[in-house]
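Subject: Handing over the structure

Hello,

Here is the structure I promised to pass on to you. Have a look at it first, and then read on for what turned up.

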Amino acid sequence: MRVLPLARRRPMTRKALWLSAGSLGVITVFAVVAPALAPHDPALPIGVPLSPPFGDTGVLGTDQVGRDVLSRVLGGMSASWLAALALVVVIAGVGSLVGVVAGYLGGWVDRALMALVDFFLALPAAILAVVIAAVLGPSLRNALIAIGVLSWPYYARLVRAEVRAIAARPHLEAAKLAGNGHLRLMLRHLLPGAWPVILVTITLDLGGIITMLAGLSFLGLGRPAPAPELGAMAAQGLPYLLTQWWIPVVPAVAVTCLALVANLAGDALRSQLKAQ
């Protein structure tokens, strides 16, 4: 396959970047207003159970209890997206702070913080997340805690590498000679240089967090019933897969779409940064 020159590829990459960023914005706005768009209360039955899609009971039919599948999917998508977005901002902030401190100060501080990071990175994340969520009890907050405890070290490792590269540049030495303190140097001169890597990781991490939230919910470790949870809806609908397929398939498709949009946005952003 012929590879186009960089100058000719860049406009197409920028177009994909804006399209992906717009998709993230649209989904975020949609997640905020989705509960208001739901035609029915997602926790209450509205008609005959197991009614097929495009019938009298709703566009996507009803589940085994008679609740509107569309309303429950909208509620589940809203909760999953907003929760994942909030969590990824928190863990990115914590991990970035650790990475900046370790990369800037170096010495025993760097060794101690990176030893802690390596300890968390060595843990089996998926299994430990299930254990933490099970110990804390089934709820969305506890599921987020379980994922967040194991996710921040990736940001610390990436930001530390960026900070150490930036710290060797002449402009940082000039900033030191100008009388800038340690805190100002880290926040004004080092952390902004690591923002591209942080943003790419955040967008790529969104899809993984949504998938992991759905997985914990699938195992019964998310919000308890009758709250709309995409993973729990898929798990509860598995016995009906071959007869009333829409009950497990629709929430599974919703999880896939959310994760796919986040991953595409991350890939486009990463490509754009490489092209510059």
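Two residues are in contact when heavy atoms of theirs lie within 4.5 Å. By that rule, and leaving out residues up to four places away in sequence, I209 touches A84, L87, V88, I91 and I147. Please keep in mind that this is a predicted model.

Now the overall picture. The protein has 9 helices and 0 strands. Of its 276 residues, 43% are buried. Among contacts with a separation of 6 or more, 72% join residues 24 or more positions apart. The protein exposes about 14200 Å², and carbon and sulfur atoms supply 71% of that area.

I209 comes up again in the largest nonpolar core, which has 59 residues. Together with V73, W81, L213 and L230, I209 is among those with the most contacts inside this core. Helices that each supply at least two residues include α1 (6-37), α5 (140-167) and α7 (182-218). The most comes from α2, with 14 residues.

On to the aromatic rings: the structure holds 3 aromatic pairs. The rings of F119 and F120 have centres 5.6 Å apart and planes at 80°, so this pair is edge-to-face. F119 is partly exposed, at 48% relative accessible area, while F120 counts as buried at 18%. W245 and W246 are also edge-to-face, because their ring planes stand at 85°, with the centres 6.0 Å apart. Here W245 is partly exposed at 46%, and W246 is buried at 6%. Finally, F119, F120 and W152 form one aromatic cluster.

Enjoy exploring!

Best wishes

How values were computed: Residues numbered from 1 in each chain as written. Predicted model: local features only at pLDDT ≥ 70, side-chain atom pairs only at ≥ 80, totals over all residues. Heavy atoms only, no water. Helix = DSSP H or I, 4+ residues; strand = E, 2+ residues; numbered from the N terminus. Buried < 20%, exposed > 50% of the residue type's maximum accessible area, 1.4 Å probe, protein only. Areas by Shrake-Rupley, 256 points an atom, 1.4 Å probe, with all protein chains shown as cover. Core = buried A, V, L, I, M, F, W, Y, C linked by side-chain atoms within 4.5 Å. Phe/Tyr/Trp six-rings, centres within 6.5 Å; stacked < 30°, edge-to-face > 60°.
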